[in-house]
Amino acid sequence: MTKRKTSILANLDKKFLWHPFTQMKEWGMQDNLIIERGKGNYLIDTNGRKYLDGVSSLWVNIHGHRKKEIDSAIKKQIDKISHSTLLGLGNIPSIKLAEKLVKIAPKGLTKVFYSDNGSTAVEIALKMAFQYWKQAIGNRQEAMGKKTKFVAFTNAYHGDTFGSMSVGEIDVFVKKYKPLLFPTFKAFYPYCYRCPINKTYPDCKISCIKRFEEILKSHHNEIAACIIEPIIQGAGGIIVSPPGFLKKVRQLCTKYKILLIADEVATGFGRTGKMFACEHENVSPDFLCLAKGITGGYLPLAATLTTQKIYNAFLGEYKDLKTFFHGHTYTGNPLGCAAAIANLEIFEKEKTIQRLEPKIKLLTQLLKRLKNLPYAGDVRQKGLMAGIELVKDKKTKKAFPMELRIGSKICMEARKHGLIIRPLGDTIVIMPPLSITTDEIRKMMDIIYRCVEFVGGNCPSAGAGL
Ligand SMILES: *Cc1c(COP(=O)(O)O)cnc(C)c1O
């Protein structure tokens, strides 16, 4: 595309679009890239420039762009039908995909409810858990509907709709809406690096679990479910929980009769080195929320998986009104499901998970080098998900002033070298497609290293040269 055409498009974008999670005043003043094509692990803009897709087009892409098998699965499905409803009718891809999802999901999850995105996958789990206790048979006290609240974790992110915001806790995202959100118990997530109670990891971990148990002990009669991002909090800054934490949460939930919702919207489909993060600690939740990577990053589709026991509590005569009265218009969309089936078939055929091992090791090794840089306050990683938190002072862990936009500056600088990444505050996020090669990992980490060094050294107020 010519420079002139690109510039016309960029102006139309500024004139007509409102971008998500974007300060539009800033957007209006800067030169923005417009992506025209993709190939493998690269994005190509309207000027024909290639960029490594370092955040998988916002944590969704799995096997690369223009993956032959997914492209053709969607095209094949288009030639049959693009959409028919699941309200009162079945469709072929949604059936085949449900069978596949149940096969690979943690033990006990046998029912699949579809929706379109991560936030709705979470809303559905919350509503099902809530309604379950209203209808559950065999425990009179609990069935009287007292179990109406949720326990969630500090620094959690579960989506942007009101229910998912209510169980979320990132201040900049949800604080303004607080009066509209339902009250939720908040337990400490073991964010050891910035622990509010203890500074050292083992004590900190004990405190978090103790506090969690205290909440359950005092309030289990009111709590329907606990929601957690297993192993890694994503949008909270790629915070990896200490080993054993998830397992302990599962045990306590079982002990106090609280349902466990695992939000694997970010961690699902291989990102952490296993198909699902729950597998790291051999945990089976009562609900599993899936979205982002489910279609290989092609189409908006989500699924909430649950157990036979939960499902059974919704069975009855129509007049009992035990039905789950929830559904989205595009629920179980055949194109999305066809893409998701192809995605899972590639996992099998290419042994995607097994082949991650050397890539993960290499990333660990290259992150170690980065740790030595003056502003690299903390480096966190699990599988192919990593976060580099930049701080003004490594000793005190004092953050950069927000207005410096240091994370954003580093990501803008990376573009000049052909890498697209996006920060979470001052944490640089690395979440490439699982199909990234070892050479590409080297290239990506080399660019990030140079950009952190360069921007850090070129920010006078960052205290460079001290
Ligand atoms: C992205 C994300 C969501 C929200 O998904 P959307 O598709 O953006 O609605 C929910 N939970 C987690 C853990 C996520 O990372």
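Colleague: Where does Arg 271 lie?

Modeller: Arg 271 sits in the loop between S10 and S11. Helices (H or I, at least four residues) and strands (E, at least two) are DSSP runs, numbered from the N terminus. This is a predicted model, where local features need pLDDT of at least 70 and side-chain atom pairs count only at pLDDT 80 or more, while totals for chains, interfaces and linings use all residues. Residues are numbered from 1 along each chain as its sequence is written, and side-chain values use heavy atoms, with hydrogens and water left out.

Colleague: And is Arg 271 buried or exposed?

Modeller: Arg 271 is buried, with a relative accessible area of 1%. Buried means under 20% relative accessible area, exposed over 50%, and partly exposed in between (1.4 Å probe, protein chains only).

Colleague: Which backbone oxygen lies 3.1 Å from a polar atom of its side chain?

Modeller: That of Pro 432. Such a polar contact is a pair of N or O atoms within 3.5 Å; within protein, one must be able to donate a hydrogen and the other to accept it, and residues adjacent in sequence count only if both atoms are side-chain atoms. Also, Arg 271 and Gly 293 are 22 residues apart in sequence and 8.8 Å apart in space, C-alpha to C-alpha.

Colleague: On to the sheet. In what order do the seven strands come?

Modeller: The order is S4-S12-S11-S10-S7-S5-S6, in an open sheet with mixed pairing. Two strands pair if DSSP finds at least two bridges between them. S4 and S6 (185–187) are at the edges with a single partner strand each, so one side of each has no neighbour in the sheet. From one strand to the next, the twist averages 20 degrees. Axes are lines fitted to C-alpha atoms, for helices over the stretch in contact, and angles run from 0 to 180 degrees between N-to-C directions.

Colleague: How many residues of S12 are buried?

Modeller: Six of the six (residues 302–307), so S12 is largely enclosed by the rest of the structure. Ala 302, Thr 304 and Thr 306 are buried on one side, and Ala 303, Leu 305 and Thr 307 on the other. S12 runs antiparallel to S4 (residues 109–115), joined by six bridges, and Tyr 114 has Ala 303 as its bridge partner. Four bridges join S12 to S11 (residues 287–290), again antiparallel, with Leu 288 partnering Leu 305.

Colleague: Now H14. What span does that helix reach?

Modeller: H14 (residues 357–371) has 15 residues and reaches 21 Å from its first C-alpha to its last, close to the expected 21 Å. The expected span is 1.5 Å times one less than the number of residues.

Colleague: Which residues of H14 are buried?

Modeller: They are Lys 359, Ile 360, Leu 362, Leu 363, Leu 366, Leu 367 and Leu 370. Seen down the axis, they fall within an arc of 160 degrees, so they line one face of H14; the arc is that of the directions from the helix axis to the C-beta atoms. Lys 361, Gln 365 and Lys 368 are exposed on the other side.

Colleague: Last topic: what is the phi of Ser 57?

Modeller: Ser 57 has a positive phi of about 50 degrees, although it is not a glycine. Ser 57 is in helix H3 (residues 56–59) and is partly exposed at 32% relative accessibility.
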